[in-house]
Amino acid sequence: MSCISDRELIKQSIDGDSQAFSILIKRVETPLVKLVKSKISDPASAEDILQEVLLDVWQGLKGLRNPDRWTAWVMQIARNRCHDFFRSAQRREAPMANSDLEPIINRRSQHHSFQTDLLNTVLHTLSEAPPNYVEAAHLFYLEGLTIRQIAVRLGKPEGTIKRWLSHTRSFVRNRLGLRQMRIERRKIMTSDAHESEYYQRRALRDIAACREDGAASLNLKNPVGSKELPSEVWTLTQLKDLSLWWNNLENISEEIGRLKHLESLYVESDQLKQLPNQIVSLSRLRHLEVIGGQMTELPADFCRLSALRTVIFQRTQLQELPASFGNLNRLEVAEMDNNQFSKLPDDLSGLTNLRVLTLQGHQFSALPKTIGQLSAMEELYLGGNRLGRLPNEMSKLRNLETLAIEDNQIQSLPPCIGNFSKLQYLYVESNRLANIPREIGQLTELRELALSNNQLTSLPKALADLPNLQILKLHDNPLPDRLIQASENGIDEFRRAVAEVTFQV
């Protein structure tokens with residue numbers, strides 16, 4: 001199974017094959033652990049996050065639209081989990097007061113009690129159905145098994161399982177009656193209105209407490225309510241950290257310009273249309289993070305945010321960065337995955353302190369030559385684009401430790417890749433590589449090399465001599481099977497197999 005493609009392993013995992021899933025995880029284990037531990041310093045917390053990532057991956061496999069982007073998909077889940085960890089740190093450290101629990105008990109529990117009552121009613125009715133129906137429905141609706149898995153479990157054809165599930169739904173509907181179902185659903189909708197009111201009041205209470213205490217941090221959360229923030233938030237001129245989990249938020253008031261001490265701004269909303277122009281007056285802003293929304297462009301004077309150290313834009317509709325983006329000379333981390341970029345600014349030369357750049361899941365086909373002037377760059381992630389080549393100017397990135405260019409259209413790696421003397425992780429899966437330059441033998445610090453799903457028929461002999469190489473992925477290439485199987489069993493086995501095949505000179 002070790003030489004099976006990721007795509008086939010994903011299919012087998014969805015069908016319930018735990019061994020296939022274990023192999024999939026093993027293929028991304030090293031970069032996954034490295035990513036999480038680089039962001040989370042506490043070992044116990046890092047381990048917890050890794051477990052959450054694995055659970056998210058397992059539960060989300062069915063929704064993976066492009067199996068060729070398996071590695072990039074897993075890494076994005078890990079980044080999101082790490083971001084969630086930091087965003088929730090303040091809430092974990094501050095215990096909830098009894099006065100805060102009271103409205104939740106009185107209102108939110110009412111919402112959940114309706115759901116619980118409805119579920120119990122359905123389960124009670126289901127228990128009166130024929131035993132075969134009950135068992136199939138339990139496996140499908142409560143345990144989450146697929147029809148194929150249930151068929152194997154019960155030893156029945158898939159058509160039989162489908163028929164049982166259909167009869168089960170009809171049985172429950174007939175017993176409960178559509179009228180009762182509608183009544184229960186109306187109760188839940190009414191409870192949702194109470195929940196929206198709760199979040200509105202909670203936001204006002206938090207703002208008042210922040211003003212009274214002179215607190216520097218404020219977290220506002222409203223997943224169901226208003227499209228606007230309470231105007232009172234803009235009176236908190238002492239704020240340094242503002243987090244907005246406001247799912248229906250469409251616009252942020254220009255009044256944000258009053259928060260002159262603001263250093264960190266986090267916004268998560270599916271509806272956000274734009275950032276206010278006055279945001280550029282926040283001269284102390286060091287961290288800006290926007291997740292989701294309909295935003296298509298940034299303010300024209302975005303480069304006035306000269307104090308920025310970290311910029312994160314994910315899952316927005318941004319089509320391009322301002323031409324002046326390259327003037328943010330204090331910027332250290334720019335994570336901008338899964339937006340709508342078709343190109344990058346021509347001049348990036350001013351990003352002299354940029355260490356981490358992620359631009360995965362866009363549409364651009366070329367990199368600006370000025371990317372070679374980002375001399376501080378340590379990690380560069382460009383997966384899931386349309387790149388056909390890497391510019392020779394990249395040879396100047398002497399501090400590069402991680403280069404991820406998987407799922408592009410790259411046909412060859414430039415010989416200058418040998419200049420990346422500090423490179424430890426190189427991911428070039430799912431491209432169109434026909435050969436590997438012999439200069440790869442100069443990468444003496446390389447620990448992991450992923451070349452899966454390309455068009456390689458031979459390899460340079462120097463590859464087997466890399467002293468620190470620990471993981472080599474070669475599956476889904478027209479290479480000798482002996483080499484592919486050996487690489488899956490470890491680098492030592494791969495080196496032993498070298499003598500048995502003819503290498504590219």
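**Entry 1: β11 and β12**

I looked up L449 and found that its bridge partner in β12 is L472. Strand β11 covers residues 448-450, and three bridges join β11 to β12, the two strands running parallel. I took two strands as paired if DSSP finds at least two bridges between them. Helices (H or I, at least four residues) and strands (E, at least two) are DSSP runs, numbered from the N terminus.

I note that the model is predicted: local features need pLDDT of at least 70, side-chain atom pairs count only at pLDDT 80 or more, and totals for chains, interfaces and linings use all residues. Residues are numbered from 1 along each chain as its sequence is written, and side-chain values use heavy atoms, with hydrogens and water left out.

**Entry 2: the sheet**

I followed the strand order next. The sheet is open, has 12 strands and runs β1-β2-β3-β4-β5-β6-β7-β8-β9-β10-β11-β12 with parallel pairing. Its edge strands are β1 and β12 (471-473), each of which pairs on one side only. From one strand to the next the twist averages 5°; for such angles, axes are lines fitted to C-alpha atoms (for helices over the stretch in contact), and angles run from 0 to 180 degrees between N-to-C directions. As background, strands of a sheet pair through backbone hydrogen bonds, either parallel or antiparallel.

**Entry 3: β1 to β3**

I then went to the β1 end of the sheet. Six bridges join β1 to β2, which run parallel, and here L218 stands opposite L242 in β2. Between β2 and β3, also parallel, I found five bridges, with D241 opposite S264 in β3. Strand β2 is mostly covered, as five of its six residues are buried. Buried means under 20% relative accessible area, exposed over 50%, and partly exposed in between (1.4 Å probe, protein chains only).

**Entry 4: N222**

Leaving aside neighbours within four places in sequence, N222 is in contact (heavy atoms within 4.5 Å) with Y199, Q200, W245, W246 and N247. N222 and W246 are 24 residues apart in sequence, yet their C-alpha atoms lie 4.7 Å apart.

**Entry 5: nonpolar cores**

I defined a nonpolar core as a set of buried Ala, Val, Leu, Ile, Met, Phe, Trp, Tyr and Cys residues joined through side-chain atoms within 4.5 Å. The largest such core has 93 residues, and L242, L288, F313, L403 and L459 have the most contacts inside it. Elements that each supply at least two residues of this core include α10 (178-213), β1 (217-222), β2 (241-246), β3 (264-268) and α11 (481-488). Helix α12 gives the largest share of this core, four residues.

I listed the surroundings of L288: not counting residues up to four places away in sequence, L288 touches L265, L275, I279, F302, L308, T310, V311, I312 and F313. A second, separate core of 26 residues includes L35, V36, V74 and A78.

**Entry 6: T71**

I found T71 in helix α4 (residues 70-87). T71 counts as buried because its relative accessibility is 11%. Its contacts, apart from neighbours within four places in sequence, are V28 and E429.

**Entry 7: positive phi**

Most residues other than glycine have a negative phi, so I looked for exceptions. N338 has a positive phi near 55° and is not a glycine; N338 lies in the loop between β6 (333-335) and β7 (356-358). N453 also has a positive phi, of about 55°, without being a glycine, and is found in the loop between β11 and β12. I recorded N338 as partly exposed, at 28% relative accessibility, and N453 as partly exposed, at 28%.

**Entry 8: cysteines**

How many disulfides are there? I counted zero, taking a disulfide as a pair of cysteine sulfur atoms within 2.5 Å. C303 is partly exposed, with a relative accessible area of 25%, whereas C416 is buried, at 14%.

**Entry 9: whole protein**

The protein has 12 helices and 12 strands, and 48% of its 505 residues count as buried. Among contacts between residues at least 6 apart in sequence, 38% join residues at least 24 apart. The accessible surface comes to about 24100 Å², of which 46% belongs to carbon and sulfur atoms. Accessible areas come from the Shrake-Rupley method with a 1.4 Å probe; for residues, only the protein chains shown count as cover.
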